[in-house]
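Keep the sequence and the 3D view open while reading.

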Amino acid sequence: MFETLILAAGKGTRMKSKLPKVLHKIGGKPMLRHVIDAAKRTGSTREVVVIGAGADLIKQEISDVEFVMQNQQLGTGHAVLCAKENFANSTGTLLILCGDTPLLTGESLKKFVAAHEKSNCAVTVLTAEMPDATGYGRVIHEDDGTFKKIVEDKDANAIEKQIREVNAGVYCADVRKLFGALEKVGNDNAQGEYYLPDVLTILKSEGEKIAIYTADFCDETLGINTRIQLAAADQIIRRHKLQELMNSGVTIVDPGTTFVDCDVEIGQDTIIKPNTYLEGNTTIGEDCEIGPNIRFTNMKVGNNVKAQFGYCHDAEISDNVTIGPYVHIRPGSKIGQNVKIGNFVEVKNSTIGEDTKLPHLQYIGDTDMGKSVNVGCGTVTCNYDGKKKYRTKVGDNVFIGCNTNLVAPVNVGDGAYIGAGSTITKDVPKNSLAIARARQTNIADWNDKRK
Ligand code: UD1
Ligand code: CA
(Lines give C-alpha, C1' and ligand atoms only; values in the text may rest on other atoms or scores of the structure.)
(Ligands and ions follow the chains in the order given, each with its own letter.)
Protein backbone atom coordinates (compact mmCIF):
# COMPACT_ATOMS: atom_id res chain seq x y z
CA MET A 1 0.00 0.00 0.00
CA PHE A 2 1.47 3.32 -1.02
CA GLU A 3 0.39 6.73 -2.28
CA THR A 4 1.80 8.74 -5.18
CA LEU A 5 2.76 12.37 -5.62
CA ILE A 6 3.40 13.64 -9.15
CA LEU A 7 5.24 16.91 -9.77
CA ALA A 8 3.78 18.78 -12.73
CA ALA A 9 3.73 22.47 -11.83
CA GLY A 10 6.70 23.60 -13.91
CA LYS A 11 6.16 25.67 -17.02
CA GLY A 12 8.72 23.76 -19.03
CA THR A 13 10.67 26.83 -20.13
CA ARG A 14 12.97 24.76 -22.33
CA MET A 15 9.99 23.57 -24.40
CA LYS A 16 9.37 27.18 -25.55
CA SER A 17 5.66 26.46 -25.62
CA LYS A 18 2.34 28.09 -24.72
CA LEU A 19 1.17 24.66 -23.53
CA PRO A 20 2.31 23.42 -20.09
CA LYS A 21 5.06 20.87 -20.66
CA VAL A 22 3.25 17.89 -19.14
CA LEU A 23 0.39 18.25 -21.65
CA HIS A 24 2.68 17.73 -24.63
CA LYS A 25 1.87 14.34 -26.10
CA ILE A 26 3.87 11.22 -26.73
CA GLY A 27 2.23 8.20 -28.32
CA GLY A 28 -0.85 10.39 -28.75
CA LYS A 29 -1.36 10.98 -25.00
CA PRO A 30 -0.24 13.84 -22.72
CA MET A 31 2.94 12.99 -20.79
CA LEU A 32 1.16 13.50 -17.49
CA ARG A 33 -1.51 10.97 -18.49
CA HIS A 34 1.21 8.35 -19.05
CA VAL A 35 2.68 9.04 -15.61
CA ILE A 36 -0.70 8.83 -13.85
CA ASP A 37 -1.60 5.61 -15.70
CA ALA A 38 1.73 4.04 -14.74
CA ALA A 39 1.18 4.97 -11.08
CA LYS A 40 -2.30 3.47 -11.12
CA ARG A 41 -0.97 0.28 -12.74
CA THR A 42 1.67 0.03 -10.05
CA GLY A 43 -1.03 -0.32 -7.42
CA SER A 44 -0.91 3.16 -5.92
CA THR A 45 -3.96 3.83 -3.76
CA ARG A 46 -4.09 7.59 -4.33
CA GLU A 47 -2.52 10.06 -6.76
CA VAL A 48 -1.92 13.70 -5.89
CA VAL A 49 -0.62 15.96 -8.67
CA VAL A 50 1.13 19.28 -7.99
CA ILE A 51 0.16 21.78 -10.68
CA GLY A 52 0.86 25.46 -11.28
CA ALA A 53 1.73 26.60 -14.82
CA GLY A 54 -1.29 25.95 -17.05
CA ALA A 55 -3.27 24.46 -14.14
CA ASP A 56 -6.64 25.13 -15.76
CA LEU A 57 -5.64 23.41 -18.99
CA ILE A 58 -4.38 20.41 -17.02
CA LYS A 59 -7.64 20.17 -15.07
CA GLN A 60 -9.61 20.20 -18.33
CA GLU A 61 -7.58 17.26 -19.58
CA ILE A 62 -7.30 15.17 -16.42
CA SER A 63 -9.88 14.52 -13.74
CA ASP A 64 -9.14 11.23 -11.98
CA VAL A 65 -6.55 12.54 -9.49
CA GLU A 66 -6.32 15.03 -6.62
CA PHE A 67 -4.73 18.38 -7.49
CA VAL A 68 -2.72 20.70 -5.29
CA MET A 69 -1.54 24.15 -6.40
CA GLN A 70 2.02 25.41 -6.37
CA ASN A 71 1.47 29.06 -7.25
CA GLN A 72 5.13 29.94 -7.68
CA GLN A 73 7.53 27.39 -9.11
CA LEU A 74 10.28 27.61 -6.51
CA GLY A 75 11.73 24.15 -7.20
CA THR A 76 10.95 20.45 -6.86
CA GLY A 77 11.46 20.47 -3.07
CA HIS A 78 9.01 23.33 -2.69
CA ALA A 79 6.55 21.51 -5.00
CA VAL A 80 6.51 18.50 -2.69
CA LEU A 81 6.11 20.75 0.34
CA CYS A 82 2.95 22.23 -1.23
CA ALA A 83 1.34 18.80 -0.78
CA LYS A 84 2.20 18.55 2.93
CA GLU A 85 -1.41 18.93 4.08
CA ASN A 86 -2.64 16.35 1.56
CA PHE A 87 -0.47 13.73 3.25
CA ALA A 88 -0.89 14.94 6.85
CA ASN A 89 -2.52 11.65 7.84
CA SER A 90 -0.42 9.37 5.69
CA THR A 91 2.09 6.83 6.87
CA GLY A 92 4.27 4.38 4.98
CA THR A 93 5.62 4.85 1.48
CA LEU A 94 5.16 7.82 -0.82
CA LEU A 95 6.14 7.32 -4.48
CA ILE A 96 7.25 10.60 -6.06
CA LEU A 97 7.17 10.88 -9.85
CA CYS A 98 7.78 13.70 -12.31
CA GLY A 99 5.17 14.61 -14.89
CA ASP A 100 7.94 14.97 -17.47
CA THR A 101 9.25 11.39 -17.17
CA PRO A 102 6.56 9.58 -19.14
CA LEU A 103 8.19 6.35 -20.28
CA LEU A 104 8.36 4.58 -16.92
CA THR A 105 6.02 1.60 -16.97
CA GLY A 106 3.89 0.31 -14.15
CA GLU A 107 5.95 -2.88 -14.23
CA SER A 108 9.26 -1.08 -13.65
CA LEU A 109 7.79 1.12 -10.93
CA LYS A 110 6.45 -1.97 -9.19
CA LYS A 111 9.98 -3.40 -8.97
CA PHE A 112 11.25 -0.06 -7.67
CA VAL A 113 8.60 0.25 -4.95
CA ALA A 114 9.10 -3.37 -3.90
CA ALA A 115 12.86 -2.81 -3.56
CA HIS A 116 12.28 0.26 -1.39
CA GLU A 117 9.81 -1.47 0.87
CA LYS A 118 12.29 -4.30 1.45
CA SER A 119 15.20 -1.93 2.15
CA ASN A 120 14.10 -0.19 5.34
CA CYS A 121 15.65 3.04 4.05
CA ALA A 122 14.11 6.49 4.52
CA VAL A 123 14.36 7.20 0.80
CA THR A 124 15.23 5.20 -2.30
CA VAL A 125 16.21 7.17 -5.39
CA LEU A 126 15.94 5.75 -8.89
CA THR A 127 19.10 6.27 -10.93
CA ALA A 128 20.12 5.42 -14.47
CA GLU A 129 23.26 5.37 -16.61
CA MET A 130 22.68 7.89 -19.38
CA PRO A 131 24.84 8.01 -22.52
CA ASP A 132 24.36 11.80 -22.38
CA ALA A 133 23.76 13.03 -18.84
CA THR A 134 23.47 16.72 -19.76
CA GLY A 135 20.70 18.44 -17.83
CA TYR A 136 20.29 15.74 -15.18
CA GLY A 137 21.32 15.73 -11.55
CA ARG A 138 24.45 13.56 -11.11
CA VAL A 139 24.65 10.93 -8.38
CA ILE A 140 27.69 11.18 -6.12
CA HIS A 141 28.65 8.10 -4.08
CA GLU A 142 30.60 7.80 -0.84
CA ASP A 143 33.85 5.83 -1.03
CA ASP A 144 31.98 2.73 0.17
CA GLY A 145 29.50 3.10 -2.70
CA THR A 146 26.57 4.37 -0.65
CA PHE A 147 24.64 7.53 -1.47
CA LYS A 148 26.40 10.82 -0.81
CA LYS A 149 24.48 13.52 -2.69
CA ILE A 150 22.96 14.63 -5.94
CA VAL A 151 24.49 17.58 -7.78
CA GLU A 152 22.36 19.41 -10.32
CA ASP A 153 23.80 19.93 -13.79
CA LYS A 154 23.96 23.69 -13.27
CA ASP A 155 25.80 23.31 -9.96
CA ALA A 156 28.17 20.56 -11.07
CA ASN A 157 31.92 21.11 -11.49
CA ALA A 158 33.85 19.75 -14.47
CA ILE A 159 34.60 16.43 -12.77
CA GLU A 160 31.02 15.91 -11.59
CA LYS A 161 29.75 16.68 -15.10
CA GLN A 162 31.67 13.58 -16.31
CA ILE A 163 29.43 11.33 -14.21
CA ARG A 164 26.87 9.45 -16.27
CA GLU A 165 24.80 8.04 -13.42
CA VAL A 166 21.84 10.40 -13.09
CA ASN A 167 18.91 11.00 -10.79
CA ALA A 168 15.77 9.90 -12.65
CA GLY A 169 13.66 12.24 -10.50
CA VAL A 170 11.74 9.28 -9.06
CA TYR A 171 11.80 8.45 -5.37
CA CYS A 172 10.18 6.26 -2.76
CA ALA A 173 10.16 7.86 0.66
CA ASP A 174 8.93 7.24 4.15
CA VAL A 175 6.28 9.93 3.97
CA ARG A 176 6.62 11.06 7.61
CA LYS A 177 10.44 11.31 7.46
CA LEU A 178 10.24 13.12 4.11
CA PHE A 179 7.89 15.88 5.27
CA GLY A 180 9.79 16.06 8.56
CA ALA A 181 12.98 17.10 6.77
CA LEU A 182 11.62 18.98 3.76
CA GLU A 183 11.39 22.37 5.44
CA LYS A 184 15.12 22.26 6.11
CA VAL A 185 15.89 22.38 2.37
CA GLY A 186 17.42 25.72 1.35
CA ASN A 187 17.81 27.44 -2.01
CA ASP A 188 21.46 28.42 -2.00
CA ASN A 189 22.34 27.07 -5.44
CA ALA A 190 22.83 28.08 -9.07
CA GLN A 191 19.09 28.27 -9.76
CA GLY A 192 17.96 29.72 -6.41
CA GLU A 193 15.50 26.82 -6.15
CA TYR A 194 14.48 24.45 -3.38
CA TYR A 195 15.85 21.16 -4.73
CA LEU A 196 14.06 17.97 -3.71
CA PRO A 197 17.26 15.88 -3.95
CA ASP A 198 18.73 17.98 -1.12
CA VAL A 199 16.29 16.37 1.30
CA LEU A 200 18.16 13.10 0.78
CA THR A 201 21.41 14.67 1.99
CA ILE A 202 19.60 16.20 4.98
CA LEU A 203 18.02 12.88 5.96
CA LYS A 204 21.39 11.18 5.58
CA SER A 205 23.02 13.75 7.88
CA GLU A 206 20.31 12.95 10.42
CA GLY A 207 21.39 9.30 10.36
CA GLU A 208 18.76 7.96 7.97
CA LYS A 209 19.66 5.46 5.28
CA ILE A 210 19.31 6.42 1.61
CA ALA A 211 19.20 3.66 -1.00
CA ILE A 212 20.13 3.88 -4.67
CA TYR A 213 18.15 1.74 -7.09
CA THR A 214 19.83 1.55 -10.49
CA ALA A 215 17.29 0.99 -13.23
CA ASP A 216 17.78 -1.87 -15.67
CA PHE A 217 15.22 0.02 -17.76
CA CYS A 218 17.33 3.08 -18.64
CA ASP A 219 15.43 4.24 -21.70
CA GLU A 220 12.32 4.54 -19.51
CA THR A 221 13.94 7.16 -17.31
CA LEU A 222 14.25 9.75 -20.07
CA GLY A 223 13.16 13.14 -18.74
CA ILE A 224 11.57 15.49 -21.25
CA ASN A 225 12.82 19.06 -21.05
CA THR A 226 13.09 19.94 -24.74
CA ARG A 227 11.21 19.21 -27.94
CA ILE A 228 14.17 17.12 -29.10
CA GLN A 229 13.70 14.87 -26.06
CA LEU A 230 9.95 14.88 -26.71
CA ALA A 231 10.52 13.49 -30.21
CA ALA A 232 12.96 10.89 -28.84
CA ALA A 233 10.43 9.72 -26.23
CA ASP A 234 7.66 9.63 -28.83
CA GLN A 235 9.78 7.39 -31.04
CA ILE A 236 10.56 5.03 -28.17
CA ILE A 237 6.93 4.68 -27.11
CA ARG A 238 5.75 4.15 -30.68
CA ARG A 239 8.43 1.54 -31.35
CA HIS A 240 7.33 -0.35 -28.22
CA LYS A 241 3.69 -0.14 -29.32
CA LEU A 242 4.47 -1.61 -32.74
CA GLN A 243 6.55 -4.37 -31.17
CA GLU A 244 3.69 -5.20 -28.80
CA LEU A 245 1.26 -5.36 -31.75
CA MET A 246 3.56 -7.53 -33.85
CA ASN A 247 4.06 -9.86 -30.87
CA SER A 248 0.28 -10.17 -30.59
CA GLY A 249 -0.15 -11.24 -34.23
CA VAL A 250 -0.51 -8.02 -36.22
CA THR A 251 1.59 -7.51 -39.37
CA ILE A 252 3.22 -4.10 -39.65
CA VAL A 253 4.61 -3.89 -43.17
CA ASP A 254 6.77 -0.81 -42.54
CA PRO A 255 7.29 0.12 -38.89
CA GLY A 256 9.15 3.23 -40.07
CA THR A 257 6.03 4.81 -41.57
CA THR A 258 3.38 3.41 -39.24
CA PHE A 259 2.23 5.58 -36.32
CA VAL A 260 0.01 3.90 -33.75
CA ASP A 261 -1.06 5.72 -30.58
CA CYS A 262 -0.57 3.78 -27.40
CA ASP A 263 -4.25 3.07 -26.62
CA VAL A 264 -5.10 1.67 -30.07
CA GLU A 265 -6.17 -1.98 -30.20
CA ILE A 266 -5.75 -4.19 -33.27
CA GLY A 267 -6.95 -7.78 -33.77
CA GLN A 268 -5.00 -10.82 -34.91
CA ASP A 269 -3.89 -11.19 -38.55
CA THR A 270 -4.69 -7.63 -39.44
CA ILE A 271 -2.13 -6.15 -41.81
CA ILE A 272 -1.12 -2.52 -41.46
CA LYS A 273 0.41 -1.12 -44.64
CA PRO A 274 2.77 1.86 -44.94
CA ASN A 275 1.96 5.51 -44.22
CA THR A 276 -0.76 4.70 -41.75
CA TYR A 277 -1.75 6.69 -38.66
CA LEU A 278 -3.99 5.03 -36.06
CA GLU A 279 -4.88 7.56 -33.41
CA GLY A 280 -6.79 8.12 -30.20
CA ASN A 281 -8.98 5.28 -28.97
CA THR A 282 -9.22 3.49 -32.29
CA THR A 283 -9.99 -0.22 -32.23
CA ILE A 284 -9.60 -2.46 -35.27
CA GLY A 285 -10.80 -6.05 -35.56
CA GLU A 286 -9.16 -9.15 -37.01
CA ASP A 287 -8.14 -9.93 -40.59
CA CYS A 288 -8.27 -6.33 -41.80
CA GLU A 289 -6.02 -4.69 -44.38
CA ILE A 290 -5.46 -1.10 -43.34
CA GLY A 291 -3.44 1.21 -45.59
CA PRO A 292 -1.51 2.28 -47.42
CA ASN A 293 -2.15 5.91 -46.50
CA ILE A 294 -4.87 5.67 -43.90
CA ARG A 295 -5.53 7.99 -40.99
CA PHE A 296 -8.04 6.64 -38.47
CA THR A 297 -8.81 8.75 -35.39
CA ASN A 298 -11.12 7.41 -32.67
CA MET A 299 -12.52 4.78 -35.03
CA LYS A 300 -14.30 1.55 -34.16
CA VAL A 301 -13.57 -0.87 -36.98
CA GLY A 302 -14.87 -4.44 -37.27
CA ASN A 303 -13.28 -7.55 -38.78
CA ASN A 304 -12.11 -8.08 -42.37
CA VAL A 305 -12.26 -4.40 -43.28
CA LYS A 306 -10.14 -3.18 -46.18
CA ALA A 307 -9.25 0.51 -46.28
CA GLN A 308 -6.75 2.48 -48.34
CA PHE A 309 -6.06 6.19 -48.88
CA GLY A 310 -8.49 7.85 -46.54
CA TYR A 311 -9.22 9.78 -43.36
CA CYS A 312 -11.90 8.42 -41.05
CA HIS A 313 -12.61 9.86 -37.62
CA ASP A 314 -15.04 9.41 -34.72
CA ALA A 315 -17.10 6.85 -36.62
CA GLU A 316 -17.88 3.13 -36.78
CA ILE A 317 -17.21 0.67 -39.58
CA SER A 318 -18.73 -2.84 -39.38
CA ASP A 319 -17.35 -6.14 -40.68
CA ASN A 320 -16.41 -6.78 -44.33
CA VAL A 321 -16.49 -3.15 -45.40
CA THR A 322 -14.28 -1.86 -48.21
CA ILE A 323 -13.18 1.76 -48.09
CA GLY A 324 -11.27 3.89 -50.58
CA PRO A 325 -9.25 5.05 -52.24
CA TYR A 326 -9.79 8.72 -51.33
CA VAL A 327 -12.56 8.58 -48.76
CA HIS A 328 -13.45 10.87 -45.88
CA ILE A 329 -15.68 9.42 -43.19
CA ARG A 330 -16.62 12.08 -40.68
CA PRO A 331 -17.93 12.04 -37.10
CA GLY A 332 -21.15 10.31 -36.22
CA SER A 333 -21.15 7.91 -39.17
CA LYS A 334 -22.02 4.23 -38.86
CA ILE A 335 -21.15 2.06 -41.82
CA GLY A 336 -23.00 -1.29 -41.89
CA GLN A 337 -21.67 -4.72 -42.82
CA ASN A 338 -20.52 -5.46 -46.39
CA VAL A 339 -20.80 -1.82 -47.44
CA LYS A 340 -18.56 -0.72 -50.28
CA ILE A 341 -17.37 2.87 -50.26
CA GLY A 342 -15.34 3.65 -53.35
CA ASN A 343 -13.31 6.58 -54.57
CA PHE A 344 -13.89 10.23 -53.72
CA VAL A 345 -16.74 9.72 -51.26
CA GLU A 346 -17.54 11.74 -48.15
CA VAL A 347 -19.92 10.47 -45.47
CA LYS A 348 -20.86 12.65 -42.50
CA ASN A 349 -23.12 11.93 -39.52
CA SER A 350 -24.94 9.22 -41.46
CA THR A 351 -25.97 5.62 -41.05
CA ILE A 352 -25.35 3.38 -44.04
CA GLY A 353 -27.21 0.05 -44.02
CA GLU A 354 -25.75 -3.39 -44.85
CA ASP A 355 -24.77 -4.25 -48.42
CA THR A 356 -25.21 -0.68 -49.62
CA LYS A 357 -22.84 0.61 -52.31
CA LEU A 358 -21.42 4.12 -52.50
CA PRO A 359 -18.95 3.44 -55.27
CA HIS A 360 -17.84 6.86 -56.51
CA LEU A 361 -18.11 10.61 -56.06
CA GLN A 362 -20.82 10.98 -53.42
CA TYR A 363 -21.51 13.37 -50.57
CA ILE A 364 -23.79 11.75 -48.00
CA GLY A 365 -24.46 13.95 -44.98
CA ASP A 366 -27.04 13.75 -42.16
CA THR A 367 -28.59 10.71 -43.81
CA ASP A 368 -30.20 7.47 -42.66
CA MET A 369 -29.72 5.07 -45.52
CA GLY A 370 -31.15 1.56 -45.57
CA LYS A 371 -29.84 -1.81 -46.74
CA SER A 372 -28.81 -2.79 -50.27
CA VAL A 373 -29.08 0.70 -51.68
CA ASN A 374 -27.25 1.43 -54.92
CA VAL A 375 -26.14 5.03 -54.96
CA GLY A 376 -25.22 6.35 -58.40
CA CYS A 377 -22.08 8.29 -59.18
CA GLY A 378 -22.23 11.93 -58.23
CA THR A 379 -25.16 11.70 -55.78
CA VAL A 380 -25.31 14.57 -53.33
CA THR A 381 -27.45 15.08 -50.25
CA CYS A 382 -28.24 18.79 -50.02
CA ASN A 383 -28.41 18.93 -46.24
CA TYR A 384 -27.81 22.60 -45.55
CA ASP A 385 -29.83 25.66 -46.48
CA GLY A 386 -27.27 28.11 -45.20
CA LYS A 387 -28.81 28.19 -41.72
CA LYS A 388 -29.87 24.69 -40.66
CA LYS A 389 -28.97 21.11 -41.41
CA TYR A 390 -31.73 18.65 -42.41
CA ARG A 391 -31.81 14.87 -42.62
CA THR A 392 -32.36 12.65 -45.62
CA LYS A 393 -33.98 9.23 -45.26
CA VAL A 394 -33.48 6.50 -47.82
CA GLY A 395 -35.20 3.12 -47.34
CA ASP A 396 -34.00 -0.39 -48.22
CA ASN A 397 -33.34 -1.61 -51.79
CA VAL A 398 -33.47 1.88 -53.26
CA PHE A 399 -31.78 2.65 -56.60
CA ILE A 400 -30.50 6.19 -56.93
CA GLY A 401 -29.50 7.20 -60.46
CA CYS A 402 -26.30 9.06 -61.21
CA ASN A 403 -26.01 12.74 -60.43
CA THR A 404 -29.04 12.90 -58.15
CA ASN A 405 -29.54 15.72 -55.66
CA LEU A 406 -31.55 14.80 -52.57
CA VAL A 407 -32.74 18.11 -51.12
CA ALA A 408 -33.30 17.56 -47.39
CA PRO A 409 -35.48 17.13 -45.52
CA VAL A 410 -36.66 14.37 -47.82
CA ASN A 411 -37.66 10.69 -47.57
CA VAL A 412 -37.20 8.03 -50.21
CA GLY A 413 -39.31 4.90 -49.53
CA ASP A 414 -38.19 1.25 -49.73
CA GLY A 415 -37.73 -0.09 -53.24
CA ALA A 416 -37.99 3.34 -54.90
CA TYR A 417 -36.08 4.25 -58.08
CA ILE A 418 -34.75 7.69 -58.91
CA GLY A 419 -33.90 8.60 -62.49
CA ALA A 420 -30.41 9.91 -63.22
CA GLY A 421 -29.96 13.65 -62.98
CA SER A 422 -32.97 14.19 -60.70
CA THR A 423 -33.19 16.92 -58.12
CA ILE A 424 -35.51 15.35 -55.53
CA THR A 425 -37.32 17.94 -53.41
CA LYS A 426 -40.42 15.90 -52.47
CA ASP A 427 -40.74 12.53 -50.74
CA VAL A 428 -40.63 9.49 -53.02
CA PRO A 429 -43.20 6.82 -52.00
CA LYS A 430 -42.04 3.23 -51.76
CA ASN A 431 -41.60 1.21 -54.95
CA SER A 432 -42.22 4.28 -57.17
CA LEU A 433 -40.04 5.83 -59.83
CA ALA A 434 -39.15 9.48 -59.41
CA ILE A 435 -37.75 11.54 -62.25
CA ALA A 436 -37.18 15.21 -61.57
CA ARG A 437 -35.34 16.76 -64.46
CA ALA A 438 -36.23 18.90 -67.49
CA ARG A 439 -37.43 16.87 -70.48
CA GLN A 440 -35.03 16.77 -73.37
CA THR A 441 -35.96 18.73 -76.50
CA ASN A 442 -34.30 17.91 -79.85
CA ILE A 443 -34.51 20.66 -82.50
CA ALA A 444 -34.08 19.05 -85.92
CA ASP A 445 -31.42 20.44 -88.30
CA TRP A 446 -30.65 23.23 -85.87
CA ASN A 447 -27.03 23.48 -86.86
CA ASP A 448 -27.80 23.81 -90.59
CA LYS A 449 -30.34 26.58 -89.94
CA ARG A 450 -27.88 28.44 -87.72
CA LYS A 451 -25.58 28.86 -90.71
C1 UD1 B 1 15.07 17.19 -11.99
C2 UD1 B 1 16.01 16.87 -10.84
C3 UD1 B 1 17.27 16.21 -11.40
C4 UD1 B 1 16.91 14.98 -12.19
C5 UD1 B 1 15.86 15.29 -13.28
C6 UD1 B 1 15.33 13.98 -13.84
C7 UD1 B 1 15.67 18.55 -9.10
C8 UD1 B 1 16.17 19.80 -8.50
N9 UD1 B 1 16.36 18.08 -10.15
O10 UD1 B 1 15.74 18.13 -12.82
O11 UD1 B 1 18.15 15.86 -10.35
O12 UD1 B 1 18.05 14.42 -12.80
O13 UD1 B 1 14.75 16.01 -12.70
O14 UD1 B 1 14.52 14.20 -14.95
O15 UD1 B 1 14.70 17.98 -8.63
N16 UD1 B 1 8.33 20.98 -10.92
C17 UD1 B 1 7.32 21.49 -10.11
N18 UD1 B 1 7.55 22.64 -9.44
C19 UD1 B 1 8.71 23.31 -9.50
C20 UD1 B 1 9.75 22.78 -10.32
C21 UD1 B 1 9.53 21.61 -11.01
O22 UD1 B 1 6.24 20.91 -10.02
O23 UD1 B 1 8.83 24.35 -8.83
C24 UD1 B 1 8.07 19.74 -11.65
C25 UD1 B 1 8.14 19.94 -13.16
O26 UD1 B 1 6.87 20.22 -13.68
C27 UD1 B 1 8.69 18.61 -13.65
C28 UD1 B 1 9.46 18.06 -12.47
O29 UD1 B 1 9.06 18.80 -11.33
O30 UD1 B 1 7.65 17.71 -13.98
C31 UD1 B 1 10.95 18.18 -12.67
O32 UD1 B 1 11.28 19.54 -12.87
P33 UD1 B 1 12.37 20.01 -13.93
O34 UD1 B 1 12.47 21.49 -13.86
O35 UD1 B 1 12.11 19.41 -15.22
O36 UD1 B 1 13.67 19.39 -13.28
P37 UD1 B 1 15.01 18.96 -13.99
O38 UD1 B 1 15.83 20.16 -14.25
O39 UD1 B 1 14.72 18.07 -15.12
CA1 CA C 1 12.92 17.48 -16.16
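The text below covers a ligand and its surroundings, then an aromatic pair, and then some backbone details.

**The ligand and its surroundings**

The structure is a predicted model. The space that ligand 1 takes up is the largest pocket. The elements that contribute two or more residues to the shell around ligand 1 are strand β1 (2-8), helix α3 (76-81) and strand β10 (165-174). Of these, β10 gives the largest share of the shell, with three residues. Sorted by class, the shell has ten nonpolar, ten polar and four charged residues.

Which residues come nearest to ligand 1? Of the 24 residues around the ligand, they are Gln70, Gly75, Thr76, Glu152 and Asn167.

| Residue | Part of the residue | Atom of ligand 1 | Distance |
|---|---|---|---|
| Leu7 | polar backbone atom | oxygen | 2.9 Å |
| Gly10 | backbone N or O atom | oxygen | 2.9 Å |
| Gln70 | side-chain N or O atom | nitrogen | 2.7 Å |

How much of the accessible area of ligand 1 does the protein cover? On its own, ligand 1 has 760 Å² of accessible area, and the protein covers 92% of that.

**An aromatic pair**

Across the whole structure, a search finds six aromatic pairs. One of them is formed by Phe87 and Phe179, with 6.2 Å from centre to centre and 20 degrees between the planes. This pair counts as stacked because planes under 30 degrees apart are classed that way. Phe87 is in the loop between α3 and β6 (93-98), while Phe179 is in helix α6 (residues 175-182). The two residues are 92 apart in the chain, and the pair links distant parts of it.

**Backbone details**

Where do cis peptide bonds occur? One runs from Gly291 to Pro292, with omega near 0 degrees. Pro292 is found in the loop between β18 (289-290) and β19 (294-297). Another cis bond, also with omega near 0 degrees, runs from Ala408 to Pro409. Pro409 lies in the loop between β35 (405-407) and β36 (410-412).

Asn275 is not a glycine, yet it has a positive phi of about 55 degrees. Asn275 is located in the loop between β15 (271-272) and β16 (276-279).

Note on methods
Residues numbered from 1 in each chain as written. Chains lettered and ligands numbered in written order. Predicted model: local features only at pLDDT ≥ 70, side-chain atom pairs only at ≥ 80, totals over all residues. Heavy atoms only, no water. Near = heavy atom within 4 Å. Polar contact = N/O pair within 3.5 Å; in protein donor to acceptor, adjacent residues only side chain to side chain. Areas by Shrake-Rupley, 256 points an atom, 1.4 Å probe, with all protein chains shown as cover. 1 Å grid on protein atoms, 1.4 Å probe; cavity = no way out; pocket = protein on both sides within 12 Å on 5 of 7 lines; lining within 4 Å. Sits in = over half its atoms within 2 Å of the grid points. Helix = DSSP H or I, 4+ residues; strand = E, 2+ residues; numbered from the N terminus. Nonpolar A, V, L, I, M, F, W, Y, C, P; charged D, E, K, R; others polar. Phe/Tyr/Trp six-rings, centres within 6.5 Å; stacked < 30°, edge-to-face > 60°.
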